[in-house]
Amino acid sequence: MTTPESKTTLPLVHLGITTPEELSALFADLRGRFDADCACAHDESSWKQFRDAWLGRKSGVLTLVTDNWLKPATAELKRAVGAGLNELRAHVESQIEARRVAIESGTEASALRRERVDLSLPGVHRPVGSHHLIRQVFQEIEDIFVSIGFSVVEGPEIETPYYNFEALNIPEFHPVRDDMDTFYLELPSSSDKNTAKTPLLLRTHTSPMQIRTMEKQKPPVRVIVPGKVYRRDNPDATHSFAFHQIEGLAVDTDITFCDFTGTIEYFVKQFFGPSVKTRFRPSYFPFTEPSVEFDVSCPFCGGTGTAASGGTCSKCKGAAWIELFGAGMVDPAVYGFVNYDAKKVSGFAFGIGIDRLAMLKYGIDDIQVFFQNDVRFLRQFP
Ligand code: PHE
């Protein structure tokens, strides 16, 4: 089959072309073929193939036209062949370039279509953490005390027996040590004689920070100390070998028992709500005198001992009061350890168990959940 481009392999005389009219029909034919094929080049690789087929230097159609039609043309036709060829070349070159541009913008358009951002798609979900409930309760209590002039300090969890016991008026063979018998640390032997002899332990309460604070500063002192403490307790729903306390200490020249109970009452009402009542009962701590236990009227049954449903309140077990924490006026003996003049200063101290307080306020019945890091629990307190 002879196609318009296959005719370019033959000289004009072989094609029987002798007049300018026949020649221009021949060129028109070829151009029509070009136009038809050009439309078929729809991507980069077919476009390249097409371009080479027409403009390829060795055997492209235009080269063949030059070699087979122009060069051997008769003198009469040469001019017309030259003109036809130039016209065709200009057309071919401009169309091929136009096609390239069209294909490129087409790929761009389809790439854009493919990569279009769909704003209605849900984004990548990255879970955001939150403060642990214990930290939240610390924060809540810190805010209350900071608002009445206390500042927050922190201390070491690894303590010396001196700070944990002796300076708090608990000598070595005092019976309260039994309750606090705790985790002593076996340290690698040190060449330094002083440290080699000092046993260390995990603090059993935050009270050592009373001593450390008073050693560092003169009265007035108003601090609270949030932190972790450790005791040799077997784990159950209300015991853990690690738990949390906030120590409070206020010492000045004129602090009375009234300041003490007023401060505690302010805190308890802020924390549990204005309708709760407080009471204190005599207690004993070696480093406070007098010592008390603070109770709060049960915030859940309104201090009646009876639940709204009529039965016994499950929170206070019908007692109407809930034991909150230990406290007292600083024992003058303690001032002796920090070079305060016990005749001139007075003050109070308290130690709040945070885990217990959080359990009470948020209705949690097992202390262990604070330490298990189960997100199903943690998520309930965002
Ligand atoms: N440190 C005591 C305890 O852990 C609590 C306490 C602190 C009591 C301060 C009185 C004053 O049991």
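Strand E10 provides the largest share of the shell around the ligand, namely three residues, where helices (H or I, at least four residues) and strands (E, at least two) are DSSP runs numbered from the N terminus. The model is a predicted one, in which local features need pLDDT of at least 70 and side-chain atom pairs count only at pLDDT 80 or more, while totals for chains, interfaces and linings use all residues. Residues are numbered from 1 along each chain as its sequence is written, and side-chain values use heavy atoms, with hydrogens and water left out.

The shell holds 14 residues around the ligand, and those that come nearest are His205, Ser207, Arg231, Gln245 and Gly351; a residue is near a molecule if one of its heavy atoms lies within 4 Å of it. By class, the shell divides into five nonpolar, seven polar and two charged residues, with Ala, Val, Leu, Ile, Met, Phe, Trp, Tyr, Cys and Pro counted as nonpolar, Asp, Glu, Lys and Arg as charged, and the others, Gly among them, as polar.

| Side chain (N or O atom) | Ligand atom | Distance |
|---|---|---|
| His205 | nitrogen | 3.0 Å |
| Ser207 | nitrogen | 2.9 Å |
| Arg231 | oxygen | 2.9 Å |

Taken alone, the ligand exposes 330 Å², of which the protein buries 92%, the accessible areas coming from the Shrake-Rupley method with a 1.4 Å probe. Two or more residues of the shell come from each of strand E6 (242–252), strand E9 (321–330) and strand E10 (346–353).

Which space does the ligand take? Pockets and cavities are found on a 1 Å grid over the protein atoms alone: a cavity is a set of points where a 1.4 Å probe fits but cannot get out, a pocket is an open set with protein on both sides within 12 Å along at least five of seven lines, and lining residues have an atom within 4 Å of a point.

The largest pocket contains about 1,300 Å³ of space, a volume being the space filled by probe spheres set on grid points that are joined across faces, edges and corners. Its lining comprises 47 residues, and Phe243, Glu323, Leu324, Gly353 and Arg356 are the closest to its centre. Elements giving two or more residues to this lining include helix H8 (177–180), strand E7 (278–285), strand E8 (288–297) and helix H13 (354–362), while E9 gives the largest share, seven residues. The lining of the largest pocket has 22 nonpolar, 14 polar and eleven charged residues.

The second largest pocket contains about 300 Å³, and among its 13 lining residues Val128, Gly129, Ser130, Leu378 and Arg379 are the closest to its centre.

The structure also holds one cavity of 30 Å³ or more, and the largest cavity has a volume of about 60 Å³. Its lining has eight nonpolar, two polar and no charged residues, including Trp69, Asn68 and Thr74, and helix H1 (12–15) and helix H4 (61–70) each supply at least two of the lining residues.

Turning to the backbone, most residues other than glycine have a negative phi, and most peptide bonds are trans. The bond from Pro219 to Pro220 is cis, with omega near 5 degrees, and Pro220 lies in the loop between helix H10 (208–216) and strand E5 (221–230). Glu289 and Pro290 are also joined by a cis peptide bond, with omega about 0 degrees, and Pro290 lies in strand E8. Asn339, although not a glycine, has a positive phi of about 55 degrees, and Asn339 lies in the loop between helix H12 (332–337) and E10.

Notes. A polar contact is a pair of N or O atoms within 3.5 Å; within protein, one must be able to donate a hydrogen and the other to accept it, and residues adjacent in sequence count only if both atoms are side-chain atoms.
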